[in-house]
Structures are given as structure tokens and as C-alpha cells.
Amino acid sequence: MRSPWLNKLSVTLGPRPPASWLLLCLVCVLAVIAILGSTSSIAFDSVTITPVPNIYSNYRRLKEQAAVDYLELRSFSVSATRQQVLGLCGKEREHFVPCYNVTSNTLAGFKDGEEFDRHCEMFRPRERCLVRPPKDYKIPLRWPAGRDVIWSGNVRLSRDQFLSSGSMTKRLMLLEENQIAFHSEDGLIFDGVKDYSRQVAEMIGLGSDAEFHQAGVRTVLDIGCGFGSLGAHLVSRKVMPICIAAYEATGSQVQLALERGLPAMIGNFISRQLPYPSLSFDMVHCTQCSIIWDDKDGMFLIEMDRILKPGGYFVLTSPASKPSGSSSRTKKRSMVAPIEEFTEKICWSLMAQQDETFIWQKTADVNCYKSRSKSASPPICNEGNDIPPYYQPLMSCISGTTSQRWIPIQNRSTEQLSSYELQSECHLAGVQQDDFSEDSQVWRSALRNYWSLLTPLIFSDHPKRPGDEDPLPPFNMLRNVMDMNAHYGGLNAAFLDEKKSVWVMNVVPVRARNTLPLIINRGFAGVLHDWCEPFPTYPRTYDFLHGYALLSHLSSERCGMMDVLVEMDRILRPEGWVVLSDSVAAIDMARALAAQIHWEARVVDPQNGSDQRILVCQKPFVKK
């Protein structure tokens with residue numbers, strides 16, 4: 001006699017269960033067993049630490065410990081997400097930069113130059129895909145060789161475009177069969193970049209450009225930087241240059257500068273502020289940047305005044321056609337006269353003029369603004385008007401005059417912040433100095449640990465020969481680094497202390513605590529950014545992306561983690577690295593998603609009793 005539950009089953013399925021139903025049950029049981037069994041094998045890499053954290057000093061041992069678990073996890077992840085693995089975008093998107101679609105912007109009614117601005121509100125992402133490298137893409141040469149020679153297949157500049165370009169471009173570059181060589185000695189203005197840099201230094205009262213730091217010049221915003229020749233020279237003078245230029249579909253200044261390993265990002269200010277805080281730069285430089293400075297009632301100059309520090313310099317070089325004699329001087333004076341008239345209204349003084357170069361200096365005396373009449377134009381902004389400048393509309397008033405950071409650059413320390421300056425900066429940023437000091441120590445230790453992991457050997461099967469030391473990557477393995485949640489700039493400082501040949505783009509998320517003024521006043525490159533939007537750069541422009549607590553920060557944002565990882569893949573070069581440090585839950589999710597974008601990924605458990613894990617990923621070089 002059959003039991004009652006079998007009778008019910010027969011009523012439901014008939015006298016004999018279908019074979020397909022039994023097969024389905026069997027598959028489900030096996031799947032449950034596999035998942036339960038895998039929980040013991042999907043273990044994190046672990047390493048015992050000494051009282052002084054040295055979490056990843058022996059990556060070879062980590063690899064041996066995790067080899068079996070890693071391969072099992074990778075196999076399981078690939079099989080579980082086979083349907084969700086992202087494909088490659090079409091060839092037309094090899095150099096794709098979101099938010100800069102001039103056609104869409106024009107159709108939306110933007111005009112008078114605003115159609116060339118960044119408009120992420122107009123960006124409608126298609127189905128997710130991974131931006132592929134060009135057919136002839138090659139891994140960039142290591143610094144400093146990569147500063148002077150780049151692969152022509154890596155950038156969007158064809159031979160025909162080069163041959164049809166102006167004489168200045170031909171002087172800057174030598175296009176060979178598959179390389180572009182930069183001749184910095186012949187590249188800028190008339191007498192070469194070194195002579196030009198020395199000329200600027202002499203015009204502000206220095207003996208040479210080696211003395212820029214003595215005049216308080218540590219950071220320079222280079223507008224329309226050409227192909228980075230001046231920036232490359234300033235780097236050799238221990239000055240931090242940041243190149244900004246408008247988006248260009250071909251022959252991009254920013255793309256070529258980044259390919260050379262120089263700090264750069266897409267940026268213009270036709271209608272919106274630059275994403276830098278007030279009083280950020282010691283010098284603003286513009287050579288042939290095609291900006292009509294006195295246009296829009298001087299709002300472009302007001303924006304330069306906003307980001308320029310007290311006592312800072314505005315360098316304008318405009319070598320137009322060079323007519324001879326008095327007609328040249330008359331023409332040049334007529335071009336500069338409107339600028340000179342407006343700069344007097346914002347308390348700038350024309351400091352020096354030589355040939356086609358003019359240098360204004362912003363006042364160091366805040367009382368200059370108070371001494372103006374109440375009806376003076378442009379007016380002083382209200383005190384509450386100093387909101388974070390994340391692509392806000394250009395202002396027609398003078399800002400920063402009430403800031404506690406109003407300190408003339410000539411009064412600052414010549415190299416790093418003094419203890420008093422550091423204490424003041426921490427106070428203004430709402431940071432306890434003990435926390436700042438502890439943060440610095442943590443990142444010095446963390447960088448040494450990270451560095452031992454950043455080698456392709458960690459994902460290879462190279463056998464270790466008895467007695468061999470674990471090899472470390474060379475100091476110049478990386479060049480372009482981005483810290484996606486930079487906090488106080490501790491990782492940047494650690495790179496400098498370790499004398500690695502890198503520069504760091506320190507990104508402060510717009511809804512995090514605004515520590516960007518502290519970072520910039522340390523002499524580092526930095527920018528505000530909303531990670532729910534694409535970053536203003538070209539594909540394949542960074543070697544290493546780092547994010548501490550970034551994923552947890554994104555959990556409160558309006559965008560998903562997958563969107564951010566796809567954007568990271570876009571801006572990361574092939575064979576580039578990603579290191580994310582976050583909670584177990586966030587790292588678990590990121591590791592699963594990393595499999596969908598083809599990243600090689602592994603997790604390191606620091607074994608320090610915390611709920612933190614480290615995700616180390618490498619982007620493969622996909623050739624199609």
C-alpha cells in the first residue's frame with residue numbers, strides 16, 4: 001500500500017513521475033552539494049602577520065597557499081556567471097569618452113561653446129560592454145623612456161592628421177613607423193621649453209626655474225598644454241603640473257600627455273567651474289589656449305582668480321603671427337589692454353612682459369578687495385557661496401576672500417608643509433592631526449605590501465627555484481596612478497617616500513568629506529568627482545587604480561557597483577592593476593563582478609581581526 005504523500009504525488013504528476021522531473025531534482029541536489037562543498041574551498045588567501053603589519057611581503061607564498069582554492073573559485077565564478085560575462089564594445093568606441101557628445105549636446109540646444117562642455121546628464125549608456133584597445137595597441141614604455149617615445153597605435157593621431165597639422169606640432173613630434181618621439185628642446189614657443197621655463201622664472205624675479213619652489217610655485221595648472229612638453233620639464237623641476245584641455249575626438253592633448261605619463265585630464269570652463277576648490281594653484285599657465293579671456297564679462301578670468309592662490313601667477317603667452325616693428329607692439333597691446341583693464345578690477349597687477357609673454361600676479365593682500373568701492377564690479381561673493389565646485393555654473397563674483405586658507409604662496413614652506421601649516425590644514429579639513437599621522441604610517445606600510453603583489457608572476461605558474469628571493473617589481477613599473485578615494489593623500493605621500501616613479505591623481509568623491517584642499521596644499525594633484533559619472537579621461541590612461549572603502553561609499557550612492565567597475569575597466573590600461581580594500585561583503589560582491597569583466601582577481605585576508613579584505617585584480621590584454 002502506498003503512503004498518503006505518494007498518492008498526492010501521483011495525483012499531481014500522474015502514476016509515474018516524468019523522467020525530466022527526476023533529472024531536474026537530481027541536478028538541484030548536486031548543485032546544493034557543490035555549493036555547500038565549495039564553502040570550504042572558497043577560502044580567502046590568508047597570511048600571518050607580525051606585530052608590525054607586513055601583510056603581503058611574500059606574494060609567492062600567498063600564491064602557493066591559494067592556488068587550489070583560487071582555481072576552484074575561478075572555475076565556479078566563470079560557470080555561475082557565464083551568461084553575464086560582458087563582451088567587447090565595437091571598434092568605434094576604442095577611444096570613447098562618455099559625457100562629451102557634441103552632436104547630442106547641440107541637438108539638446110547647447111550653443112556658444114557649451115556644446116563642447118561636459119554634459120553627463122545627456123549621457124545615456126547603452127548595454128554594458130568593455131572598451132577594446134586598438135588593433136595596434138602596445139603596452140607603454142616604462143618611465144622615463146615613455147615620456148619621450150610613445151606607440152602611435154595607442155593614440156588617435158593618424159599619419160595624415162600629423163602631416164596636415166601645423167608647423168608647431170611637427171616641431172613637437174617626430175612620427176616614425178609605429179612611434180611618436182617628442183623633442184622637448186624644440187617643442188615650445190621659440191627657443192625651446194627649457195629657455196621658455198627659465199624666461200618665466202626670470203620674469204617673476206628668480207635666477208632660474210630651479211628656484212620655482214623658492215617663489216612658492218609647487219603646483220601649476222597648464223591650460224591647453226599642447227602635448228605636455230612644459231609639463232614634462234616642470235616634473236624634472238619637482239613642480240606638479242596638471243594639464244587640462246577640452247575634449248578632442250582626434251589628436252587630443254590630454255590623451256597624448258597621459259600616454260607620456262604626465263598628469264592631465266579633460267577640462268574646460270566655458271560655462272561651468274573646474275572641479276578644483278578655491279585657492280588651489282600657485283600658477284596658471286596658458287599658451288595658445290584659444291581663450292578670449294575678457295569674454296562673458298570676464299567670467300573666465302574670475303574663474304582663474306578663484307582657483308589661483310594669493311600671490312599666485314597667471315602666465316599668458318600668445319604667439320600669434322609675428323609682424324615686425326611697432327605694428328607688432330601695437331597689436332599686442334590692443335589684445336592685452338582689455339585683459340589688463342579687467343585684471344585691475346580683481347586686484348591683479350601686470351608683473352612683467354617679455355616678447356609675447358605676459359605675467360600677472362594676484363594680490364596677496366586681501367584688503368585690496370575691501371578698499372574697492374561698494375559698487376565695484378565684479379562684486380565680492382557672499383560668504384556662503386563657497387560650495388564644492390563640482391561643475392557649478394561660472395560665477396560673476398570674486399570668491400575666496402574670506403577663506404581661512406588665504407595665505408600668500410610666498411609665505412609658505414618651499415618644499416613640504418611645515419608642522420604649523422600641517423596643523424592648520426588639518427584643522428580646516430576637520431582632521432585630527434593624530435589621525436593624519438597614523439594614516440601616513442599605515443599607507444607607508446601598505447604600499448610596501450601592495451608593491452610585492454604588483455607583478456604578473458602572481459597569476460602565473462612560474463616555479464620558484466630553491467633559494468631564490470621573491471622578486472619585486474621595478475620602481476618604474478607604474479606611472480599613472482589614481483587613488484579613487486584619496487582621503488588625506490596618504491598613498492601619494494607613501495609613493496614619494498618610497499621614491500617610486502609615479503604621479504597620483506587623488507580623487508575625492510563629491511559626497512565624501514572634502515579633504516581636497518588639504519591634498520592640493522600638500523603639492524599633490526587632485527580633483528573632485530562623482531563616481532556615479534564617468535571620469536573625464538580617455539580609455540587606457542591609468543596603470544593602477546586604488547580604492548580604500550570606495551565600495552562601501554558607493555553603497556549609499558545612486559549607481560551600482562558594476563557600473564563603476566566597467567568605468568574602471570575603461571580607464572585602466574591592459575595589464576593594469578586594481579587594488580580595492582573594503583568590507584568582506586563588498587569585496588565578495590566585487591570579486592564576483594570582476595569575473596564578468598574578465599579580470600584576474602584574488603582576495604587577501606590581512607588576518608588582523610578586522611572585517612577588511614583586499615581585492616587584487618589585473619586587467620588582461622585582450623587582442624581582437
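Visitor: Which residue in strand 11 is the bridge partner of Thr317?

Guide: Keep in mind that this is a predicted model. Strand 9 spans residues 308-317 and strand 11 spans residues 357-362. The two strands run antiparallel and are joined by five bridges. In strand 11, Thr317 has as its bridge partner Thr357.

Visitor: In what order do the seven strands of the open sheet come?

Guide: The pairing in this sheet is mixed. Its edge strands are strand 7 (264-266) and strand 10 (348-354), each pairing on one side only. On average, neighbouring strands are turned by 20° against each other, direction ignored. The order is 7-6-5-8-9-11-10.

Visitor: At about what angle does helix 11 run to strand 9?

Guide: Helix 11 covers residues 299-307. It lies across strand 5, strand 8 (281-287), strand 9, strand 10 and strand 11. Its angle to strand 9 is about 135°.

Visitor: Is Glu303 buried or exposed?

Guide: Glu303 is found in helix 11. It touches Phe269, Gln273, Leu274 and Leu394, not counting residues up to four places away in sequence. The cut-off for buried is under 20% relative accessible area. Glu303 has 2% relative accessibility, so it counts as buried.

Visitor: Which side chain is joined to that of Glu303 by a polar contact of 2.8 Å?

Guide: Start from Glu303 in helix 11. A polar contact of 2.8 Å runs from its side chain to another side chain. That partner is Arg306.

Visitor: Which residue in strand 4 does Trp151 stand opposite?

Guide: Strand 2 (residues 149-151) and strand 4 pair in the antiparallel sense, over three bridges. Strand 4 covers residues 179-182, and both its faces are covered. Gln179 and Ala181 are buried on one side, Ile180 and Phe182 on the other. The residue opposite Trp151 is Gln179.

Visitor: Why does Cys243 count as buried?

Guide: Buried means under 20% relative accessible area. Its disulfide partner is Cys225, which is buried at 9%. Cys243 is buried because its relative accessible area is 5%.

Visitor: Is the link of Cys286 and Cys289 left-handed or right-handed?

Guide: Both Cys286 and Cys289 are buried. The angle about the S-S bond is -70°. This link is left-handed.

Visitor: Which element of the protein chain has the lowest mean pLDDT?

Guide: The protein chain averages a pLDDT of 81, and 76% of the residues score at least 70. Strand 12 (residues 480-483) has the highest mean among the elements, 98. The lowest mean is 41, and it belongs to helix 3 (residues 59-80).

Visitor: How many contacts beyond four places in sequence does the model have for residues 461-467?

Guide: Over residues 461-467, pLDDT stays under 50. Where pLDDT is low, the predicted coordinates should not be read in detail. For contacts beyond four places in sequence, the number in this stretch is five.

Note on methods:
Residues are numbered from 1 along each chain as its sequence is written. This is a predicted model: local features need pLDDT of at least 70, side-chain atom pairs count only at pLDDT 80 or more; totals for chains, interfaces and linings use all residues. Side-chain values use heavy atoms; hydrogens and water are left out. Helices (H or I, at least four residues) and strands (E, at least two) are DSSP runs, numbered from the N terminus. Buried means under 20% relative accessible area, exposed over 50%, partly exposed in between (1.4 Å probe, protein chains only). A polar contact is a pair of N or O atoms within 3.5 Å; within protein, one must be able to donate a hydrogen and the other to accept it, and residues adjacent in sequence count only if both atoms are side-chain atoms. Contact means heavy atoms within 4.5 Å. Two strands pair if DSSP finds at least two bridges between them. A disulfide is a pair of cysteine sulfur atoms within 2.5 Å. pLDDT is the predictor's confidence in each residue, from 0 to 100. Axes are lines fitted to C-alpha atoms, for helices over the stretch in contact, and angles run from 0 to 180 degrees between N-to-C directions.
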